[in-house]
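The sequence and model come first, and the text follows.

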Amino acid sequence: MEKRQIIRIVFSILIIGVFTTIFIFSNQNGSKSKSVSEKFMYFIVELNPKTSKLDYEEKQEIVIKSQPFIRKVAHFTIYMVLGLLVMIFLSTYNMKLSKKLAIAIFLGIVYAIGDELHQGFIGGRTPRVFDVFIDFLGVLTGSLVVIVLQSFFDFNS
């Protein structure tokens, strides 16, 4: 099996894994989703030497106030990973860079829209256009990182 085929198979599996991860998180009801992000943020608060010594109420206030930001960062990050993976996958094909970028962005936006629509059917969740925009920025960033890295390094040899 040639190197490009192996790369395509590996990155197809990774892309499907990211799609599955997004779906699983989106399939959580509102209270479960909130609980997951609160636990993550509480873990961060405990790791930080400046906040780990605070009393419980102060920690809770930080956790609660940080929720909107943490959730948006999570959106951006998972879609950035998606953009990275899709662009690497597409880099195994001979096509113009603009076409690769367009495909990666299109795929990311279509999945983000589907993800938000899916959340509309989950209790305690609400689809948000703003989240699709954040997801788009994540895919774009991940795609651009690959483009920049490829301009410095030849990954196809």
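A salt bridge here is a side-chain nitrogen of Lys or Arg within 4 Å of a carboxyl oxygen of Asp or Glu. By this rule the count comes to 4 salt bridges. The model is predicted, so local features need pLDDT of at least 70, side-chain atom pairs count only at pLDDT 80 or more, and totals for chains, interfaces and linings use all residues. Residues are numbered from 1 along each chain as its sequence is written, and side-chain values use heavy atoms, with hydrogens and water left out.

## Overall build

The protein has 5 helices and 0 strands. Helices (H or I, at least four residues) and strands (E, at least two) are DSSP runs, numbered from the N terminus. From that end on, the order of elements is α-α-α-α-α. Along the principal axes, the C-alpha atoms fill a box of roughly 55 × 40 × 25 Å.

Of the 157 residues, 32% are buried. Buried means under 20% relative accessible area, exposed means over 50%, and partly exposed lies in between (1.4 Å probe, protein chains only). A contact is a pair of heavy atoms within 4.5 Å. Among contacts with a separation of 6 or more, 71% join residues 24 or more positions apart.

The accessible surface comes to about 9700 Å². Carbon and sulfur atoms own 71% of that surface. Areas come from the Shrake-Rupley method with a 1.4 Å probe; for residues, only the protein chains shown count as cover.

For charges, Lys and Arg count as positive and Asp and Glu as negative; His and the chain ends are not counted. Each charge is placed at NZ of Lys, CZ of Arg, CG of Asp or CD of Glu. There are 17 positive and 12 negative charges, and their mean positions are 8 Å apart.

## Salt bridges

| Pair | Distance, N to O |
|---|---|
| Glu-38 and Lys-34 | 3.7 Å |
| Lys-65 and Glu-61 | 2.9 Å |
| Lys-72 and Asp-131 | 2.6 Å |

Take Glu-38 and Lys-34 to begin with. Both sit in helix H2 (residues 30–47), and because they are 4 residues apart, about one helical turn separates them. Glu-38 is partly exposed at 22% relative accessible area. Lys-34 is partly exposed too, at 45%.

Helix H3 (residues 56–90) holds Lys-65 and Glu-61, 4 residues apart and so separated by about one helical turn. Lys-65 is exposed, with a relative accessible area of 63%. Glu-61 is partly exposed at 44%.

What does the salt bridge between Lys-72 and Asp-131 tie together? Lys-72 lies in helix H3 and Asp-131 in helix H5 (residues 129–152), so the pair ties together parts that are 59 residues apart in sequence. Lys-72 is partly exposed, with a relative accessible area of 24%. Asp-131 is buried at 3%.

Asp-135 lies in helix H5. Asp-135 is buried yet has no salt bridge. Its nearest side chain of opposite charge is Lys-72, 8.3 Å away. Leaving out residues up to four places away in sequence, Asp-135 touches His-75, Tyr-79, Ala-112 and Glu-116.

Gln-119 belongs to helix H4 (residues 97–119). Gln-119 is buried, with a relative accessible area of 3%. Beyond four places in sequence, Gln-119 touches Ser-26, His-75, Arg-125, Thr-126 and Pro-127. Gln-119 and Ile-103 are 16 residues apart along the chain, and their C-alpha atoms are separated by 24 Å.

Phe-121 is in the loop between H4 and H5. Phe-121 is exposed, at 75% relative accessible area. Phe-121 and Asn-29 are 92 residues apart in sequence, yet 9.5 Å apart in space, C-alpha to C-alpha.

## The nonpolar patch

Which residues make the nonpolar surface patch of about 580 Å²? Met-1, Ile-6, Ile-9, Val-10, Ile-13 and Leu-14 do. Patches are made of residues with over 30% relative accessible area and no salt bridge: like charges are joined within 9 Å, nonpolar side chains (Val, Leu, Ile, Met, Phe, Trp, Tyr) within 5 Å. Met-1 is in the segment before helix H1 (3–26). Met-1 is exposed, with a relative accessible area of 72%.
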